[in-house]
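User: I have a structure open here and would like to talk it through before I set anything up. Can we begin with the overall picture and then go into the details?

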Amino acid sequence: MAEGRKIVTTNRKARHDYEILDTFEAGIALMGSEIKSIRAGSVNLRESYVQARDGELWLVNAHIASYEQAGIYGHEPLRPRKLLLHRREIDRLLSRVQEKGLTIIPLMMYLTKGIAKVEIAVARGKKQYDKRESLRERDTQRQIERSLRDRER
């Protein structure tokens with residue numbers, strides 16, 4: 001983990017449901033009440049995804065809870081938020097998504113020097129048998145580590 005980086009939330013289901021091919025770091029265009037809510041840890045990325053509109057990338061369906069002290073000047077919790085990337089990165093992501101079966105998903109949201117960032121990934125959805133295979137591999141790895149630990153005692 002990088003120095004000065006505080007992880008706010010992770011999308012744990014993403015690694016289970018998708019095969020991660022490539023990752024990118026993106027900034028997020030936020031309102032003041034949203035950054036306050038992120039700093040408080042009131043974020044959920046479970047059902048969120050990244051969508052391309054007019055050559056820009058948008059984080060859709062990410063739930064950032066309302067900040068109570070903002071009152072009527074607060075934000076909509078599920079509003080689409082613009083992702084801030086270099087043009088070259090956006091073009092590369094959009095060309096990758098044109099391939100069949102690939103999508104862009106958020107993996108985690110974190111704060112770096114007080115600035116909110118989101119780690120996004122180009123991913124391919126796993127089939128049910130791939131998920132079972134991943135679970136089987138994880139179980140066997142856990143058993144191997146357990147037996148090595150017991151052998152050292």
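User: How much of the chain is buried?

Analyst: Of the 153 residues in the protein chain, 31% count as buried; please keep in mind throughout that this is a predicted model.

User: And what does the secondary structure come to?

Analyst: The protein chain has four helices and nine strands, and reading along the sequence they follow the pattern β-α-β-α-β-β-β-β-β-α-β-β-α.

User: What does the C-alpha trace span along its principal axes?

Analyst: The C-alpha trace of the protein chain spans about 60 × 40 × 30 Å along those axes. As for contacts in the protein chain between residues at least 6 apart in sequence, 69% of them join residues at least 24 apart.

User: What about the accessible surface?

Analyst: For the protein chain it comes to about 10100 Å², and 46% of that belongs to carbon and sulfur atoms.

User: Switching to charges, how many positive and negative side chains are there?

Analyst: The protein chain carries 31 positive and 22 negative side chains, with the centres of the two sets lying 2 Å apart.

User: How many salt bridges does the structure hold?

Analyst: It holds seven salt bridges. One of them is formed by the side chains of E34 and R79, at 2.8 Å from N to O. E34 lies in helix α2 (residues 32-39), whereas R79 lies in the loop between β6 (63-64) and β7 (81-84), so this pair ties together parts that are 45 residues apart in sequence.

User: Is E34 buried or exposed?

Analyst: E34 counts as buried, because its relative accessibility is 0%, which falls under the 20% cut-off.

User: Which other salt bridge does E34 make?

Analyst: The side chain of E34 also meets that of R81 in a salt bridge, again with 2.8 Å from N to O. Here E34 in helix α2 is paired with R81 in strand β7, so the parts tied together are 47 residues apart in sequence. R81 is buried, with a relative accessible area of 0%.

User: Changing topic, where does N11 lie?

Analyst: N11 lies in the loop between β1 (5-10) and α1 (12-17). With a relative accessible area of 7%, N11 is buried.

User: What does N11 touch, leaving out residues up to four places away in sequence?

Analyst: With those sequence neighbours left out, N11 touches L45, R46, P106 and L107. In the case of L45 there is also a polar pair to look at, with the backbone oxygen of L45 lying 3.2 Å from a polar atom of the side chain of N11.

Conventions. Residues are numbered from 1 along each chain as its sequence is written. This is a predicted model: local features need pLDDT of at least 70, side-chain atom pairs count only at pLDDT 80 or more; totals for chains, interfaces and linings use all residues. Side-chain values use heavy atoms; hydrogens and water are left out. Helices (H or I, at least four residues) and strands (E, at least two) are DSSP runs, numbered from the N terminus. Buried means under 20% relative accessible area, exposed over 50%, partly exposed in between (1.4 Å probe, protein chains only). A polar contact is a pair of N or O atoms within 3.5 Å; within protein, one must be able to donate a hydrogen and the other to accept it, and residues adjacent in sequence count only if both atoms are side-chain atoms. Contact means heavy atoms within 4.5 Å. Accessible areas come from the Shrake-Rupley method with a 1.4 Å probe; for residues, only the protein chains shown count as cover. Lys and Arg count as positive and Asp and Glu as negative; His and the chain ends are not counted. The place of a charge is taken as NZ of Lys, CZ of Arg, CG of Asp or CD of Glu. A salt bridge is a side-chain nitrogen of Lys or Arg within 4 Å of a carboxyl oxygen of Asp or Glu.
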